[in-house]
Amino acid sequence: MTRDALEIRLPRSTQTLFRARGLTKVYGMGETEVRALAGVDLDLAEGELVVLLGPSGSGKTTLLNNLGGLDVPTSGELSYRGMDLTSADEAQLTRYRRDSVGFIFQFYNLIPSLTALENVALITEIARDPMPAEQALEMMHLGGRLDHFPAQLSGGEQQRVAIARAIAKRPEVLLCDEPTGALDIRTGIVVLEAIERANRELGTLTVLITHNAAMADMADRVLYFSDGRVHREHRNASRAPANSLNW
Amino acid sequence: MISLLNRKLWRDLRRMKGQAIAVSLVMACGLAMMIMARSLIHSLKSTQLEYYESNRFADIFVQVRRTPNSMTTRVAQIPGVAVVQASVSVQITLDVPGLDEPASGLMRSLPDQGMPELNRLFLREGRWLGPGARGEVLVGEAFANANRLKPGDSIAILLNGRRLNFRIAGIVLSPEFVFESRPGSALPDNRSYGIFWMPYSELAAAFDMDGAFNFLALTISPGAVERSVTAALDRLLAPHGGRSSFGRSDHPSHVRVTDEIRVLQILSIGFPLVFLSVAAFMTNAVLSRLVALQREQIAILKAFGFSNSEIASHYMKFALVIVVGGTLFGGVGGVFLGRQLVGMYHMFFRFPELAFRFDYSALVLAIFVSTGAAILGVFSAIRRAANLPPAEAMRPEPPANYRPAFVERTGIGHLLSHSFRIAIRNLERKPMQAFFTVSGLALATGILIVPNCFRDGVEHVLGFQWDVVQRQDMSIGLIEPDSLKASYALRQLPGAISVEPFRNTMVRIHFGHTHRQLGIQGLPANGRHSRVIDSNSHQVSLPAEGLIVSSKLADVLGARVGDALVVEVLEGKRPIRTIPLVGLSEDFAGIAAYMDMQAVNRLLGEGDVISGASFSVNNARRSEFLTALKTLPRIGWVVVKESLRANFKQTTAASINLLQTLYLILATIVAFGVVYNNARISLAERARELATLRVIGFSRREVGAVLVTELVILSLIAVPLGMLIGTGFATFILQAVNTETVRLPLVLTASNYAFAALTVTIASTLSALVVLRLLNHLNLVGALKAPE
């Protein structure tokens, strides 16, 4: 895959990818009932970088899991490119995750018995239109660490392998749950740069959960969560580069 | 506070009940086998001892020719002799209602008045012989049962050529015939061979034995040496054809029971040991997993001030619950298996009462051994838990270290799929877990080989004996040797296609310091009925001079072809000659020696005589032939090959089926338990990894493959290894039970191996499927949240 091929996907449109209306998720029943999502209305467009901010338990992760097809809402509408995610079956959701979604987690979730290259190749072997695993790792400046096992990499390196794994399939959506939560600030910035770069160069809709208000500046849009709802929305006039952030 | 820890214990146990039960069951298999075998040893030994004591089983036995009763006084004077019991003992044939062929058996005399001093009978059913009663017999239980004979029934017995009808007074047992079988026969043939008793005066009169005896049983006084008594006895009885007295250790029935006890002793140690090692490791694996999962809890307990020993004893209790479960299952299982096997022993061994007797010392030993195994299993896990500094324990464990597996380092790494790489790297990182899973599966495969190996061995022996060696349809033996002319009369029997006479004689063969007593079979040089077969399955033509013996006998004597053997004839003129060993024959039951029939007759110097004949019979006229045979006088025994074969098959099939079922149950439990435990632990340890795979787009099937690949690799190693182990088990057991009277060849068939492999594969697959179902409930979101 050449640089030219990558460029083709760059032109931005504002086509809506996700559309959520009255999205509700209730865990448990009766006295133990918890309303994790209490009616979320939301549209997410191609190429956007959206930061979700809010206290613990405000419903950010639940929303992310619903967007990623890991969980289904209790009620409300949720569609991805017109596909109804609320009624999709197990196989359709697997297909959807495999083809369209890249995940990045707080604790990296690499396969400990596979090297950096193999962790990425695992995905490129099953994806529909992947980039070579080496290229994805190269994008994350990990060209020299291809044959290292997770236990031989630092936290920041592990997270960058995870990002390479997530973007290697050229997903349309990149979902990041506290990607810097376990990292120090310097390493955190490196990881955010990598996410920013994936969003910019691949035109991937990127949704990023954080507790850290400082990260809001790098977003196109910031959604403030509380009590299972989007409490407030803010659109940045311009995105601050990740390396300018400080916390 | 401790009670709260106990509550935690119960909740942990409930959460891990599947694994706890799996470990308990594997442990139970080992314990059940141990308890079963030890209880059976206890049952057999104590029953045997009590029976021998209460019914006064003799110490020494000797068969003689007609000897006056006055001789018993002289025997009693031999130093060391305590009690002497003389009787008449003869071979008979009889006509049993419902049995086509004539049955044969042994008739013993009982004193006209009162009980015999030795070898007293046990009355199972009916009554004793009435004083002065005539025309009545007592029948051994095995024969009576096999032929459905009841007291009051009538049977026709040929006594010295006269056919007489007898009423059955009672059904009895004798300590001399716990194993009631034709002399030299490996398996009982109770339908056509039985033991009978009648009053002395009546039997002696029929065989011209008034005032005489031909069988002696005696006990020796405490402290006397059996060997010096038998030597004195042989010297005294030599003029009366005393054919070498023997002690209990050569008594056929006694030897069979003793052999059985020896096999049980091997079983009670070998298998349980391996089962328990596997269970010990499984306990270790489960507890290590638990301790790893509960790192933080342990840290908190310690931070709250619980001591190391309190924490160690908490986890030790976990292991002990598994032990208690295992012992309970094992105890119940052992008693169940033991009762089944006692039932099987009833087919072979006749005791007044052979009840299953639980060996309590086995239970104590079982608790001791399994606790030891569990402690050994949990020791390292507990030490890890206790040694964990609280601060460190509260941090998540660092990611596991991996490296390319050995297979990849050979340079073929690029050929392997990712799930295969994950599997082999995991295996290499945890070699002990892999080792014990392989051991468990291999063991399960191995124990399945054993009973089928017995079955195939028996089948081979029977096929060899009856299709290759003995091609006749039936054989008869005369009460006394008769002239060759007798065989012309036999040729006239209706339906007889061909007749081959033989001349058998009892001898003692000496070589160096060793000697064995046996019958020499004098056969036609190139007989078509009883054939002498060499190790290449070719018929050996009997030379005009010289002796051919079975390789087992040559082994026992330490003789080789070309050596000169000293043959001491134990009947007639009792000549002693040196005869060269000219060849070896192959056979599987007993020891044998063959000579040309005319050479035997020359050796005996009694002219052309025969002691019996074999027949091939026109099948259409078979019943006619048998009916004619029943009326023939002077016939001591009859063997009909087909009924013998059918009876053998029935008995061996019943006992081998039982063993197969037992081993099948054990193997299935072990295979299932080992795989279940391994898969559960993998699932628990790798929940995050597997959930991650699901999240990034792997289907359930693909993730299941990652989990199962490891088990498939282990099974592929374990099953062939198990076949090797099973072959070893079978070889070892067969060698251990290999005696001069009974020996089985090691016959290994493809179907035996295939059955074992298939059974273990199916059990493992089912077990893996159970665990794979759990994969469907994998909480994707929860598993991703935080490490562990």
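Buried means under 20% relative accessible area, exposed over 50%, and partly exposed in between, with a 1.4 Å probe and protein chains only. Keep that scale at hand for the exercises below.

This is a predicted model, in which local features need pLDDT of at least 70 and side-chain atom pairs count only at pLDDT 80 or more, while totals for chains, interfaces and linings use all residues. Residues are numbered from 1 along each chain as its sequence is written, chains are lettered from A and ligands numbered from 1 in the order in which they are written, and side-chain values use heavy atoms, with hydrogens and water left out.

**Exercise 1. Describe the interface of chain A and chain B, from its contacts to its salt bridges.**

Step 1. Start with contacts, meaning heavy atoms within 4.5 Å. On this rule 28 residues of chain A meet 30 residues of chain B.

Step 2. Turn to buried area, the accessible area (1.4 Å probe) that two parts lose on being put together, summed over both. For chain A and chain B this comes to about 2,600 Å², with carbon and sulfur atoms giving 61%.

Step 3. Look for salt bridges, where a side-chain nitrogen of Lys or Arg is within 4 Å of a carboxyl oxygen of Asp or Glu. The rule finds five across this interface. One pair to pick out is A:E118 with B:R421, whose closest N and O atoms are 2.4 Å apart.

Step 4. Ask which parts of chain A take part. α2 (60-67), α3 (90-100), α4 (116-124) and α6 (155-167) of chain A each supply at least two residues of the side that touches chain B. Helices here are DSSP runs (H or I, at least four residues), as are strands (E, at least two), numbered from the N terminus.

**Exercise 2. Characterise the interface of domain 3 and domain 4 of chain B.**

Step 1. Domain 3 of chain B covers 430-471 + 640-788, and domain 4 covers 496-617.

Step 2. Take the centres over C-alpha atoms: 46 Å separate those of domain 3 and domain 4 of chain B.

Step 3. Count the contacts: 14 residues of domain 3 of chain B touch 14 residues of domain 4 of chain B. The buried area is about 1,300 Å², and carbon and sulfur atoms give 53% of it.

Step 4. Search for salt bridges between these two domains of chain B; the rule finds zero.

**Exercise 3. Compare where the partners lie in two salt bridges of chain B, B:D12 with B:K8 and B:E50 with B:R357.**

Step 1. In the pair B:D12 and B:K8, the closest N and O atoms are 2.9 Å apart. Both residues lie in helix α1 (residues 2-15) of chain B, four residues apart, about one turn of the helix.

Step 2. Check their accessibility. B:D12 is buried at 7%, and B:K8 is buried at 16%.

Step 3. For B:E50 and B:R357 the closest N and O atoms are 3.0 Å apart. B:E50 sits in helix α2 (residues 17-54) of chain B and B:R357 in the loop between α9 (308-348) and α10 (360-387), so the pair ties together parts 307 residues apart in sequence.

Step 4. Finish with the opening scale: B:E50 is partly exposed at 42%, and B:R357 is partly exposed at 24%.

Methods. Domains from an automatic or database assignment.
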